[in-house]
Amino acid sequence: MEEKISLSVSVASGVESVTKKELKRLGYGEPAAIRGTITFDGEWRDIARLNVFLRTADRVSLSLREFPARTFDELFDGIRSVAWEEVLKKDARVIVDGKSYQSKLFALSACQKIAKKAIAERMKEKCGLRVLPETGEEVRVNFRIERDVAKILLDTTGTGLHKRGYRDRVGVAPIRENLAAAMVLLSDYYAGRPFADLFCGSGTVAIEAAMLACGIAPGLNRRFAFEAFPFYDESYLLSVREEAKSGEKRGMHAAIFASDLDGGAVEMAKRHARRAGVEKEIRFAVKDAADFRSEEKNGVIVTNPPYGERVLDEKSAHALIRTLGGVYGQLDNWSLFAISRDAAFEKAFGRKADKTRKLYNSDKECRFYEYFSKRERNNGR
Ligand SMILES: C[S@@+](CC[C@H](N)C(=O)[O-])C[C@H]1O[C@@H](n2cnc3c(N)ncnc32)[C@H](O)[C@@H]1O
């Protein structure tokens with residue numbers, strides 16, 4: 001039987017419920033989320049599978065050890081007892097980071113130094129080295145101390161999971177790819193349902209919707225930290241990539257429309273869509289959001305309008321949101337989902353949202369305003 005390992009998925013605050021649904025769909029049951037971390041047992045292949053398939057998570061870690069840590073000595077001994085020589089290459093550049101909640105050990109920089117020292121001492125002793133070269137790949141080790149119990153995690157992701165690889169140009173105020181995916185999943189979009197982003201910028205929201213519609217795994221074309229681990233079997237990643245490829249459903253008539261007033265942004269969005277392999281699924285246009293009309297019914301707008309402070313001044317941003325409210329009012333039974341940092345969004349839009357939730361874009365607090373279609377409201381959404 002396969003050896004069980006403990007896995008930990010970290011996720012931005014506000015997105016936990018969406019990631020939990022993704023995990024359930026991938027066959028990992030319904031593990032609880034505590035402070036942005038979802039922990040459950042898995043097998044070695046799951047490290048590759050979670051990294052390749054999860055659309056909304058930040059990173060995937062391997063939990064190496066859990067032990068009581070009420071003193072610095074206990075923390076040092078616990079970390080030193082991990083077989084680091086089996087986990088790290090001799091030349092690894094170890095970066096240690098951590099958090100502490102309701103615990104006696106709360107001085108994070110001191111804990112960080114102790115953790116780093118414990119790893120270095122173990123490596124030097126077991127590898128017969130006087131000095132560690134630290135010239136190789138960067139490896140991130142994380143500690144979480146909660147109620148005096150330390151958990152030691154090894155990051156398997158490397159560059160955060162939001163980096164899919166398709167976005168190689170920087171637009172104005174782009175949204176993180178995994179947050180865009182969470183917005184799309186929260187909107188209940190499915191392939192074939194009319195979908196529009198009227199402020200598409202570099203294309204992120206529409207591209208994530210198209211990848212979802214086509215079943216394209218977000219991590220299919222990128223590298224991960226675990227690929228450099230000395231103990232990792234590369235056949236797992238190969239088989240996961242095959243699994244992902246066989247799940248793709250091209251030509252789904254995704255019915256996605258993406259527009260922006262800025263022609264340069266639309267060109268960039270097209271480029272990103274091409275790189276993501278979904279250019280055929282999205283109809284792009286250079287267009288003022290004010291001019292959007294659709295004869296279709298039951299569609300959904302998922303969008304990230306200008307915030308005021310970064311793209312437009314506050315007055316113009318409010319005028320634009322008012323216009324968006326007017327455009328939405330003319331559509332037949334559509335729903336609309338918009339992320340904004342603007343506390344006066346609902347007032348400018350002209351209607352109170354059916355639901356709002358707090359989300360974070362690159363650590364900045366935002367609100368996600370959810371306006372359901374009449375049909376959705378009647379069905380008790
Ligand atoms: C916050 S950015 C969107 C970023 C996008 N979600 C991304 O990931 O790149 C807002 C976008 O709204 C566009 N915009 C501003 N006024 C507009 C208008 N009246 N109609 C359509 N787009 C507009 C800007 O050009 C900008 O690209």
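These legends describe views of one predicted protein model.

**Figure 1. The whole protein and how its model is read.**
Residues are numbered from 1 along each chain as its sequence is written, and side-chain values use heavy atoms, with hydrogens and water left out. In this predicted model, local features need pLDDT of at least 70, side-chain atom pairs count only at pLDDT 80 or more, and totals for chains, interfaces and linings use all residues. The protein holds 12 helices and 14 strands. Both are DSSP runs, numbered from the N terminus: helices are H or I with at least four residues, strands are E with at least two. Along the principal axes, the C-alpha atoms fill a box of roughly 70 × 45 × 40 Å. Why does a radius of gyration of 23 Å agree with a compact globule? For 381 residues, such a globule would have a value near 21 Å. The radius is taken over C-alpha atoms, and the globule rule is 2.2 Å times the number of residues to the power 0.38.

**Figure 2. The two domains.**
Domain 1 covers 5-155, and domain 2 covers 177-217 + 249-378. The contact between them takes 13 residues from domain 1 and 15 residues from domain 2. Contact means heavy atoms within 4.5 Å. The C-alpha centres of the two domains lie 35 Å apart. The bounds come from an automatic or database domain assignment.

**Figure 3. Inside and surface.**
What share of the 381 residues is buried? Buried residues make up 51%. Buried means under 20% relative accessible area, exposed over 50%, and partly exposed in between (1.4 Å probe, protein chains only). The protein exposes about 18000 Å², and carbon and sulfur atoms supply 47% of this area. Such areas come from the Shrake-Rupley method with a 1.4 Å probe; for residues, only the protein chains shown count as cover. Among contacts with a separation of 6 or more, 78% join residues 24 or more positions apart.

**Figure 4. Close-up of E134.**
Where does E134 sit? E134 lies in the loop between α5 (108-127) and β6 (138-146). Its phi is near 50°, a positive value in a residue other than glycine. Most residues other than glycine have a negative phi. E134 counts as partly exposed because its relative accessibility is 36%.

S362 belongs to the loop between β13 (355-361) and β14 (364-371). S362 is not a glycine, yet its phi is positive, about 50°. Is S362 buried or partly exposed? With 40% relative accessibility, S362 counts as partly exposed.
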